[in-house]
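Here is a walk through one protein chain, contact by contact. Keep the viewer open and follow along.

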Amino acid sequence: MFEKAESFTSDLASGKDIKDLAKANRYFVMPVQNLKQLDHNVSSLGSQRQIVRWLFEDGTKENDVKRFDLDNGYVVVKVDEVNEKGSYSSVDIQNVRSILINKKKIDMISERSKGSLEEIAKQNNSTVKSTMALSPASPVLSGDGRFEIAAGVLTGMEPNKLSGSNRRSDWSNLCQSCKKDHANCTQ
């Protein structure tokens, strides 16, 4: 197995295409993007700090190849692209664009949300959902997932008051505390 890993490493270092070599040897190519200098985990390989350290060494550059020992074999790493500090990949830019669009939608919904919780839900084609005992220790709204922000807000609210918009990057909700052990929310 060691000889195969060394041969594969040598072929890559000589400029052969990683996809062609992997296909010919029946190996799996696993692209990993956006590793940070302090990361420990490398995708499905788990904790591989040695790989991350090598990637961020001063001498490591694009197209560099190195073999690393794993508990049950070897992994061969090839650097395809180096993002300079302060530069962003197209994936990063797309994520920022999505976050900004969602923020604008949330702002628009918040501005037009007036009246009772039921009226606000109707204006936004949503429904009011009730829950018992929503708290920071158990911030789950049945059927909808975790709402840590709403749970925290509800804990400090007086009964029958409507909260402001509780925001996250991809949703917003309003809550009304009916009594200390019961709450209504709309998303």
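Tyr 27 is partly exposed, with 35% relative accessible area. Buried means under 20% relative accessible area, exposed means over 50%, and partly exposed lies in between (1.4 Å probe, protein chains only). This is a predicted model: local features need pLDDT of at least 70, side-chain atom pairs count only at pLDDT 80 or more, and totals for chains, interfaces and linings use all residues. Residues are numbered from 1 along each chain as its sequence is written, and side-chain values use heavy atoms, with hydrogens and water left out.

Now the aromatic rings. The whole structure holds three aromatic pairs. Rings of Phe, Tyr and Trp (its six-membered ring) pair if their centres lie within 6.5 Å; planes under 30 degrees apart count as stacked, over 60 as edge-to-face and the rest as tilted. One of the pairs joins Phe 8 and Tyr 27, edge-to-face, at 5.1 Å centre to centre and 85 degrees between the planes. Phe 8 sits in helix H1 (residues 2–13) and Tyr 27 in the loop between helix H2 (18–25) and helix H3 (49–55), so the pair ties together parts 19 residues apart in sequence. Helices (H or I, at least four residues) and strands (E, at least two) are DSSP runs, numbered from the N terminus. Phe 8 is buried, with a relative accessible area of 8%.

Trp 54 and Phe 68 form another pair. Their ring centres are 5.7 Å apart and their planes meet at 65 degrees, so this pair is edge-to-face. Trp 54 belongs to helix H3 and Phe 68 to strand E1 (residues 65–70), 14 residues apart. Trp 54 is buried at 8% relative accessibility. Phe 68 is buried at 5%.

Where do Trp 54 and Phe 68 belong in the nonpolar core? Both are members of the largest one, which has nine residues in all: Val 42, Ile 51, Val 52, Trp 54, Phe 68, Leu 70, Val 75, Val 77 and Val 79. A nonpolar core is a set of buried Ala, Val, Leu, Ile, Met, Phe, Trp, Tyr and Cys residues joined through side-chain atoms within 4.5 Å. H3, E1 and strand E2 (73–78) each supply at least two residues of this core. H3 gives the largest share, three residues. A second, separate core has six residues, including Ile 18, Leu 21, Val 65 and Val 76. In soluble globular proteins, nonpolar side chains tend to be buried together.

Next come the charges. The structure contains four salt bridges. Each is a side-chain nitrogen of Lys or Arg within 4 Å of a carboxyl oxygen of Asp or Glu. Glu 6 meets Arg 67 at 2.5 Å, N to O. Glu 6 lies in helix H1 and Arg 67 in strand E1, 61 residues apart. Glu 6 is partly exposed, at 32% relative accessibility. Arg 67 also bridges to Asp 69, at 2.6 Å, N to O. Shared partners join Glu 6, Arg 67 and Asp 69 into one network. Another salt bridge links Asp 64 and Lys 61 at 3.6 Å, N to O. Asp 64 is buried at 18% relative accessibility, whereas Lys 61 is exposed at 51%.

Finish at helix H6 (residues 148–155). Ala 150, Ala 151 and Leu 154 are buried there. They cover an arc of only 100 degrees around the axis, which puts them on the same side of H6. The arc is that of the directions from the helix axis to the C-beta atoms. An α-helix has 3.6 residues a turn, so residues three or four places apart point the same way.
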